[in-house]
Structure formats: C-alpha cells, structure tokens
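Here's a quick tour of a model, from its overall surface down to a single residue. Have the viewer open while you read.

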Amino acid sequence: MTKEMESHAYPLVSILVPNYNYVKWVGQTVDSALAQTYPNVEILVSDNCSTDGAWEMLNERYGAEPRVRLSQNDRNLGMAGNFDVVLAKARGEYVLCLSSDDFLMPNHVELLEAVFHRRPELDIVYSNAFFANEDGKITGMRQMPGQFPISYEDARDELVENFTTVCPVCFPCALVKREVMQRPGICGDPASGQVARDWEAIMRMALAGMRFGYVAQATMAVRFHPGQVTGDEYYIEGKNISDFVAYVERYMDEPEWISRMRGRELGVSRLVNILVREHGPATGNLRPIPPEVSANYERVIKRLEARAAEYEPARVRESKISVVVEVAGPPAGLISALDSLAVQTHQNWEVCIVDHGEINVEGLIRGHRVGSRASYVRQPVSPSAGSARNLGLRMIRGEYVAFLDVESRFEPDHLEKAVDTIERTGAKAALATVRLVLESENLVGEGGTILGTVEPFGGAASDVARLKIAQSVPLDALVFYRGLLDQTGQINDLPLLDDWEYMIRLADLTPFAPTGATTLNLITRIGLSGCRLAALHRNYLSVVDAVYRGYAVDEESQRKRIAHRSNVAHAFDSILDWTSVPQGLAMFHEQLAGRKL
C-alpha cells in the first residue's frame, strides 16, 4: 500500500469475471484480481455452465476465499447475458469488467481509483493494456488511433473520439462507477446480436455525457488466442465494420449526437472508409464483406457527407468557441494571454491548454479566472508547438475554433467581432485585423513597457493573398468552423512556422471574412526577449524553403518568394542590430511578414 492510499478511505471495487470454458486461464485472472495492491475488492465470478471443469476448479481453489463470490447460471445465457448477471450482483462503488482470459497488473485498481479520489466528478477512468499470448507472455502494448498519448481528466469530448477514431477505450482497462454501468440502456440489448457490446457501452457513456479520465500506462493484459469472440475471426469476417456502421446509424439521428458531432461528420465517414479499406479485397483469409453490410455503409457514408455539406452560420451565437493554447515558456505570458480571454464580451467559449514546457502551470490555470472553463493536459516531453496544437484540437468541444499564443492578446471584443462577422456573412472563418505591439526588453518574462505599435499588421485581403509567400497573417487572428478540421488534416510538426503552413491550408479551403476591427495584439520585444523566435530563428529559412516546396505558385509569386527569402536572410544576418531598437524591431517583423516586398 502506498502513502497516497493511506490518506483516504477505500471504496469497494467489484471485479466482474464472467466465465465460460476458460479453465486454462480463469485461475490466472482471479489470482491477478486477488493480488491487487488496492485493499478493498470483491471478485465476482459467474460461470456460464462451463463443460471444461472450470466451475469445479473455481470452487476448489477459491471456495473458501472471502473476497471471491462464485455463482453458476442454471443455463447458458450467452456472453452478454452472463455479463448482465454478474453486473447485477456487484456491490462496489466501482466496477471493473474483466474477461476471464485477461489479467491485471498488481497496481491496476490502485492507480485508477486514485484518479477518482482526486476527481470524484469523473464517471469512468481507464488505462492502457499490454497484449499477451496464449501462455500469458507479454507480446506488445495496445496502440490505437483514439488513444491519447498522455494522461488526462475530462479533457475531451469522448463522443467525437469514439466516432472518428478506432475504439479508444479498452473496456477491460476501465474502472466505472457502478451506478453508471447499471443505468438502463448503457450496456445495450443482449439480444442485439452484436459482438462488440463493450464498444457500444463506451459510446453510450460518451453520448450520455459521462466524464472520462485516462492513465497513460499499461496496467493490465489482454490475452489473444484462437477462438476469441472478438479475436482474429471478428476482423476476418468484417464484423468490426458491420458493428461500427450499425452504431453510427443507430445514433446519428439523436439530437445529442447531431449537436456534438456537427462539423465532424466527414471524420466519421472517413473512419468507415478506413475500416473498409483495411479489410481489403477478399484475399488470403479475409472474407468478402457481405452485400448487406456494403449497402449499409455506403448509405451511411452518403448521409454523413450530405450532413457535412450543411453549414448553419446562424447558429454561431449559441455555438461554443474552443480556444486552443499551447504553452512552453515562462508562465507570465500565459497569464496575460488568459487575462485577455477572460474579459471577452462574447462569453460562450472554453479554453483547451496543452502545457509542454519545463514549468508545470496547472496550478496557475486552476487558480486563474478562466480555470472553470479550462481543459488542461501536460506533455511529459517538449514536442513542437504544432504537436501541442494538434493535441489541443483533439480536446475541443466547441463548434468554432480559435488559437491564442502566449505572445498574443485578444482585445475584449475579439470573439464578439468574429461572431458578428460569421453571422452577417455566412462565412466559415472570420479574420481580425492585427496590431504589432513593441515592448521593452524584459528579463523576467512579464510584460514590458509599450514602445510603439504597427497597425494594421495583417488582416487585409492583400495579406491573405500573400500567405504562400510569407507569414503575413497570424493564425491567432482567425476564428473558424470546426468542419474544416477534417479537410485540413493535422498541423505539421515543424520546429516553427507550423501555424503559417496551417493557415495556408485553411485559406485554400475557405475565404476569410474580415471583421474590419483590430482585435488581436501580437507582442514582440526588444532583442526578441522571451519570444520563441529568439531560440529558433536559425531554422527559419529552412522551414520557409520546406513550405515553399509544398505549395506551387505562379511565376510572379515565385519572384516574390525569391525576394522575400533574400529580405529575411538579410534581416537574420543582422538580427541583433535590427531588433535592438523599436524602429528596427518593427522593420524586422515587417520583413518576416513580407510587407516590404
């Protein structure tokens, strides 16, 4: 028992083990449950009329163990029916559904319950899993597209992840509040005939608004062996496709699904296509997809694509704006940026913060006035800004998206002006005019004295037209519809200028409607003090070249590119001289933005 465990009571945890003819493995399963470091567990084993001696073995080995409760059904109820029986007998505050061929690491329950103790408002906490072979030897770790790379607590909309990525939650890894599991309808209809009933249970929890937490380490093992219900045969026959398509068709007309999935329909249809494509042609041991399944998924894809084509800008006022913030430097800039968000006249927003710096800023955020609207995750390593922004985009719950850099500040009406513009024009993206703010050098990271401004510094049609030549418009100036996300793809993992390259892709997808208001302040300081560019400027031209290679332009634009690159190289050659005085600092940034072409 750890010191952390000594500080709180231990709610009862019910470990549910439905069993049928797994005499070879069920003993290891029960032993792993008994070996938990968490001190208050009950293990409920429901045998479904096994014929391999499992019931006799269980009684002999565990009949006198007070923590184990054994029962056998009068008749074989099927896998779903047996699970419902054992769930009904649970007495714990939390339940863990453990297949009788899987097994737990000793700290599994302890780690998951500790998250509940810290965040009691959560409904389900899960971890990752190892894979094991028939003999129980660990062969690998579960790696699915829907898994988060880091631990989190109520940091994303699980409904979106469950319908746009493959099965992000491994059900045997999850500790769930018993009252949630026993709610009518959560576990579905045993008579539905669908195999992956646990997959749908997670979807139902997400649809019902349950709050999830994740521990990013493998703390149990899923065993693979011939004859598994959801083993190789499940995928060989394409049942994963038919099950997922059935889930989409079952829920896509529910108001909650429509509301929370608005703008992400293409992501759902893309996942269906991926599942079909990965199934491949009827070669090797793959069975052809049955015609009725093909007809179903083609019909569902058409409906999703038709819905994705519907855009309702009139809803913008009732739609939340998700503001993505990535922070890697001293916290002072973050505080100022969040202060500017806190005073927005448009109040329907949330902030999604990805912290990947050396200083943990979670306490600062929780204590800030935006804390109640903040979702926060901390990267254990220091990835690029693009990688952190991508993680932030997986956290959004809003229908519109904005970015806020720690070197940017919103004017109080920034979001309001964007909303007004979208409502008035019907655009999918609204673009603010930008002001470059020159500050004095500051060695402690706090805001310096304002020495001057350059305005406007981006936001005009000419600035947008110059995007394939220079970083003429910052990403933070944009508020856009999240339906664009499934068309742009991820932000590129560049050492810098990832926001510029992403802005180019957005501009290629949709026109930017100008707000006509200067509502974004872009902060720079003498000597680039505390600015990210100071540490990364040596990579600047190589990244510019990489972006140029990705986007073809006409001859006139190519000549401008050559001139721009030359101007930037000249500015970097004398960067200390340029940035040591206000006028030079302004000219330096004007060169980077291509304003001197």
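## Overall surface and shape

The chain exposes about 24,400 Å² of accessible surface, and 51% of that belongs to carbon and sulfur atoms. Those areas come from the Shrake-Rupley method with a 1.4 Å probe; for residues, only the protein chains shown count as cover. Keep in mind that this is a predicted model, where local features need pLDDT of at least 70, side-chain atom pairs count only at pLDDT 80 or more, and totals for chains, interfaces and linings use all residues. Residues are numbered from 1 along each chain as its sequence is written, and side-chain values use heavy atoms, with hydrogens and water left out.

Along the principal axes, the C-alpha atoms fill a box of roughly 85 × 60 × 40 Å.

## Fold and burial

There are 24 helices and 19 strands in the chain. These are DSSP runs numbered from the N terminus: H or I with at least four residues for helices, E with at least two for strands. Of the 597 residues, 57% count as buried (under 20% relative accessible area, with exposed over 50% and partly exposed in between; 1.4 Å probe, protein chains only). Among contacts (heavy atoms within 4.5 Å) with a separation of 6 or more, 80% are between residues 24 or more positions apart.

## Helix H1

Why is helix H1 (residues 26-34) largely enclosed by the rest of the structure? Because seven of its nine residues are buried. Those are Val26, Gly27, Thr29, Val30, Ser32, Ala33 and Leu34. Their cover includes strands S1 (13-19), S2 (41-47), S3 (68-72) and S5 (103-104), along with helix H2 (54-62).

## The second largest pocket

This pocket has a volume of about 550 Å³. Of its 21 lining residues, Thr164, Thr165, Arg264, Asp486 and Gln490 are the closest to its centre. H11 gives the largest share of the lining, four residues. H5 (158-164), H11 (265-279), H15 (385-393) and H18 (485-488) each supply at least two.

On terms: on a 1 Å grid over the protein atoms alone, a pocket is an open set of points with protein on both sides within 12 Å along at least five of seven lines, and lining residues have an atom within 4 Å of a point. Points are joined across faces, edges and corners, and the volume is the space filled by probe spheres set on them.

Technical notes. 1 Å grid on protein atoms, 1.4 Å probe; cavity = no way out; pocket = protein on both sides within 12 Å on 5 of 7 lines; lining within 4 Å.
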